[in-house]
Amino acid sequence: DLLNLRDKLARPLIVSVDHETGQVLRDIWFTTVLPGNRALGIIASNFGLEEAKKYTREMGLIIASELRKLGIGWVLAPVLDVLGDFYNPGIALRSFSNDPEIVSELGKILIETLESKGILSCAKHFPGLGEAKVDPHYRLPKIDIVKEIIEKKHLLPFKKAIEANTSSVMTSHILFPSLDSEHIVTFSRKIAHDILRKELSYKGLLVSDDMEMGA
């Protein structure tokens with residue numbers, strides 16, 4: 001029991017969970033099965049962004065309320081990857097949309113809702129896994145797109161997340177030759193420091209994706 005563990009330690013204890021809803025819904029008792037990001041993106045495309053924002057806020061409130069009752073204070077969500085033109089086996093329905101504006105706005109609403117209820121959020125997977133054609137759980141994706149497209153399309157949701165005061169940002173194991181030809185994002189100072197810290201002025205916690213992934 002997490003609450004009892006916190007009491008026994010007599011010190012603050014932050015517990016995190018990868019609980020995105022949809023495709024990544026952890027087997028936690030007493031949590032609601034929610035449809036996930038892609039469903040919200042479809043609502044935005046078919047019924048308008050404001051309608052989707054309403055459901056996104058409601059989903060955030062449910063997640064925050066249930067995790068707080070379980071003693072979990074940090075959720076590794078939302079996914080802010082903007083889908084590309086090809087099938088992405090590692091992201092698929094985990095993404096809100098292939099439209100950067102929809103991803104940005106819904107991601108921002110979810111972050112603001114979680115943070116307002118005391119749940120730390122995590123914007124992932126910086127600087128954007130949406131164009132990957134292989135799943136980093138198994139192999140290393142190499143994304144060959146120019147920096148201008150990365151900045152215009154894929155960084156936009158992370159800029160919005162930073163404006164919304166997300167508590168953390170997660171990198172993924174991807175090679176972006178146009179940003180760093182030698183190092184994957186996980187080990188790239190050019191991306192983690194020069195772009196995220198300096199260009200986007202992010203001051204919060206930076207975490208890596210799973211270090212046991214195939215990539």
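The following legends describe close-up views of a predicted model.

**View A. Buried and exposed sides of helix 7.** Helix 7 spans residues 189-199, and its buried residues are I191, A192, I195 and L196. Seen down the helix axis, these buried residues fall within an arc of 120°, so they line one face of helix 7. The face turned away from this buried side carries the exposed residues R189 and K198. Packing against the buried residues of helix 7 are strand 3 (122-126), helix 6 (156-163), strand 4 (168-171) and strand 5 (205-208).

**View B. The two ends of helix 7.** At the start of helix 7, the backbone nitrogen of K190 has a side-chain oxygen of S188 within 3.4 Å. Just after helix 7, S201 adopts a positive phi of about 60°.

**View C. Nonpolar cores.** The largest nonpolar core comprises 49 residues, and L106, F126 and F176 have the most contacts inside it. Two or more residues of this core come from each of helix 2 (37-47), helix 3 (49-70), helix 4 (100-116), strand 3, helix 6 and helix 7. Another core, of 5 residues, lies apart from it; W74, C122, M170 and V207 are among its members.

**View D. Surroundings of F176.** Leaving aside residues up to four places away in sequence, F176 touches P127, G128, I143, I145, I150, S181 and V185.

View E. E105 and K160 form a salt bridge in which the closest N and O atoms are 3.8 Å apart. The pair links distant parts of the chain, with E105 in helix 4 and K160 in helix 6, 55 residues apart. E105 counts as buried because its relative accessibility is 17%, under the limit of 20%. K160, at 22% relative accessibility, counts as partly exposed.

View F. K153 pairs with E131 in a salt bridge, the closest N and O atoms lying 3.2 Å apart. K153 belongs to helix 5 (residues 147-154), whereas E131 is in the loop between strand 3 and helix 5, and the two are 22 residues apart. K153 is buried, with a relative accessible area of 18%. A salt bridge also joins E199 and K147, with 3.8 Å between the closest N and O atoms. This pair links helix 7, which holds E199, to helix 5, which holds K147, across 52 residues. E199 is partly exposed at 46% relative accessibility, and K147 is partly exposed at 31%.

**View G. A salt-bridge network.** D18, E20, R94 and K124 are linked in a network of salt bridges. The count of salt bridges in the model comes to 10.

Definitions and conventions: Residues are numbered from 1 along each chain as its sequence is written. This is a predicted model: local features need pLDDT of at least 70, side-chain atom pairs count only at pLDDT 80 or more; totals for chains, interfaces and linings use all residues. Side-chain values use heavy atoms; hydrogens and water are left out. Buried means under 20% relative accessible area, exposed over 50%, partly exposed in between (1.4 Å probe, protein chains only). Helices (H or I, at least four residues) and strands (E, at least two) are DSSP runs, numbered from the N terminus. The arc is that of the directions from the helix axis to the C-beta atoms. Contact means heavy atoms within 4.5 Å. A polar contact is a pair of N or O atoms within 3.5 Å; within protein, one must be able to donate a hydrogen and the other to accept it, and residues adjacent in sequence count only if both atoms are side-chain atoms. A nonpolar core is a set of buried Ala, Val, Leu, Ile, Met, Phe, Trp, Tyr and Cys residues joined through side-chain atoms within 4.5 Å. A salt bridge is a side-chain nitrogen of Lys or Arg within 4 Å of a carboxyl oxygen of Asp or Glu.
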